[in-house]
Amino acid sequence: MRSVSILGIGSTSFGMHPDHRIEQLAERAAIDAIADSGIERERIGALYLGNFVSGVLNGQEILAGLVADNLGLPNIPCTKVEGACASGGIAFRHAYLAIATGQCDVALVIGAEKMSHKSSSEVAAALNCAMDNATDGLAGLTFPGVFGMVWSAYAHRYGATRDDISAVVIKNKTNGLRNPLAQMKKLVSAEDILRSPLICDPLRLFDCCPISDGASALVLATTEIAKTMHSHPRVDVLASAQTRGSAHLATQSDPCSFTATVEAARQAYATAGITSDQLDFVELHDCFSIAEVVDSEDLGLVKRGHGARWAAEGNSSVSGSLPINASGGLLAKGHPVGATGVSQIYEAVLQLRGSHANQVRDAALGLTHNLGGTGVVCTVNILARQS
Amino acid sequence: MTAGTLTIRLGKCLRCGTLQGPDAQVCRDCLSTEFTDQEVPAIGTVIGMTVIRRPPAGIKADGAYGIVSLRLDAGPQLTGRLNSIDETCSPGDRVHATTARDGILQFERVKE
């Protein structure tokens, strides 16, 4: 396997983009990433695009080929991948593998979604396409419902308090204030969270990520090529893991854990040759406040049952012992679902280059985590700055 | 059996004997596709519970509704609805299905 590096990054802001079609958002992010990489577009050998619900919400498929054509890329393989909210993470991993295995030397990765033009009930119905609709979906389960159940099970087992879990929301909303790309630009208090309407008990509105439009893009290349480019500090991909978990609640072995995350993290740490205590920062999949708590435990960052209290003590703040979601995460930056996995890597690269709006001091080793469906798919990446 | 509890039909694998969820086409344990029907009481223990306050488009519901995941006493896990919103229902509670509407089992707490 060849070593792979990230040469270029680009992203639109996340939020509402009523005047742009989804492919235009994708193209904007891609143009920025190509320019940032310093690579000529003719050298791009493959495109992988992550998207979840463009067919349902925008009536637009074949996005990968459409975007490549509009960008005037060569006659390269262009592939759209779908894995619910982990679509972007899967796209990244496929591009990584294409380069690592010698299929091409340079690849473009895009994640894109456009959702905000639809009502929240229409968006919820579209997202429910990632449910097993013969069982959970038939019963009326939704994704906020999945995490409402996770919270109920977690609180019953570990006794986590509302205030502890609200601390995750307050931290991420605070981080989002400084991120120029973030959708949510409002500080919230514990009282604001408590006053916000119930969505799926005990999840309230501010426990949930917003409905978002947006796109992010990356240019990957062999590390050999990256060594010839000197515009940015080099960022190498030490590991990129993808795993499967439960496609329905009926096969979940533990309601307080996602096995796909546990296994992806194990594989990624082993491939990178590191342990979790060597990480300088993490961008993880906080689609709901309780998700950050469970994810942090599944990734081995904190002991089982301690995630909520650990966050409330400030350990995961930008100046804490292990900053989590300095970008604001999905809760504040936003969650254009197909874009999220790519966006997390965009944010991680900014950290490793030392140019993030919420810069983590001496950031040299970071992890990104992207989760889809009822935990049926997960990607974990470990990225490192090279001097 | 607890009074008023519905029975449901699960598939028992003819090769390894494992009970699978309703409508299973393949045994997750041994990949056999040969099943025999086995009726079991729809009673079990709550794993997780929530109230869906904002149903998505297309869901058959008249406003908010409660939903539970549970492990049947017979083994498999199921997802179903609560007969009525019961915000005090929590993991560990005993529930049983007493009716079904539109093919969805409706659960309520077992009365002591």
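This is a predicted model: local features need pLDDT of at least 70, side-chain atom pairs count only at pLDDT 80 or more; totals for chains, interfaces and linings use all residues.
Local features need pLDDT of at least 70, side-chain atom pairs count only at pLDDT 80 or more, and totals for chains, interfaces and linings use all residues. Residues are numbered from 1 along each chain as its sequence is written, chains are lettered from A and ligands numbered from 1 in the order in which they are written, and side-chain values use heavy atoms, with hydrogens and water left out.

E297(A) belongs to helix α12 of chain A; helices (H or I, at least four residues) and strands (E, at least two) are DSSP runs, numbered from the N terminus. With a relative accessible area of 4%, E297(A) is buried, a word used for anything under 20% relative accessible area, with exposed meaning over 50% and partly exposed lying in between (1.4 Å probe, protein chains only). Setting aside neighbours within four places in sequence, E297(A) is in contact (heavy atoms within 4.5 Å) with Y154(A), V302(A), K303(A), R304(A), G305(A), H306(A) and G307(A). Just after α12(A) comes G300(A), with a positive phi of about 80°.

Next, the interface. Between chain A and chain B, 28 residues of chain A touch 25 residues of chain B. The two chains bury about 2100 Å² between them, with 58% of it on carbon and sulfur atoms; buried area here is the accessible area (1.4 Å probe) that two parts lose on being put together, summed over both. On the chain A side, A139(A), M149(A) and D201(A) lose the most area to chain B, together 25% of what that side buries.

D201(A) also forms a salt bridge with R53(B), the closest N and O atoms being 2.6 Å apart. One salt bridge is counted between the two chains, the criterion being a side-chain nitrogen of Lys or Arg within 4 Å of a carboxyl oxygen of Asp or Glu. Polar contacts link 11 residue pairs across chain A and chain B, both partners at pLDDT 80 or more. In chain A, α5 (120–127), α6 (136–139), α7 (143–158) and β5 each supply at least two residues of the side that touches chain B, and α7(A) gives the largest share, six residues. By class, that side has 14 nonpolar, 11 polar and three charged residues. Ala, Val, Leu, Ile, Met, Phe, Trp, Tyr, Cys and Pro count as nonpolar, Asp, Glu, Lys and Arg as charged, and the others, Gly among them, as polar.

D201(A) turns up again in the backbone: the peptide bond from D201(A) to P202(A) is cis, with omega near -5°. P202(A) sits in the loop between β5 (198–200) and β6 (203–204). A84(A), in the loop between β3 (78–81) and α4 (87–100), has a phi near 55°, positive in a residue other than glycine, and is buried at 3% relative accessible area. N325(A) is not a glycine either, yet has a positive phi of about 55°. This residue lies in the loop between α13 (307–312) and α14 (329–332) and is buried, at 0% relative accessibility.

Terms used. A polar contact is a pair of N or O atoms within 3.5 Å; within protein, one must be able to donate a hydrogen and the other to accept it, and residues adjacent in sequence count only if both atoms are side-chain atoms.
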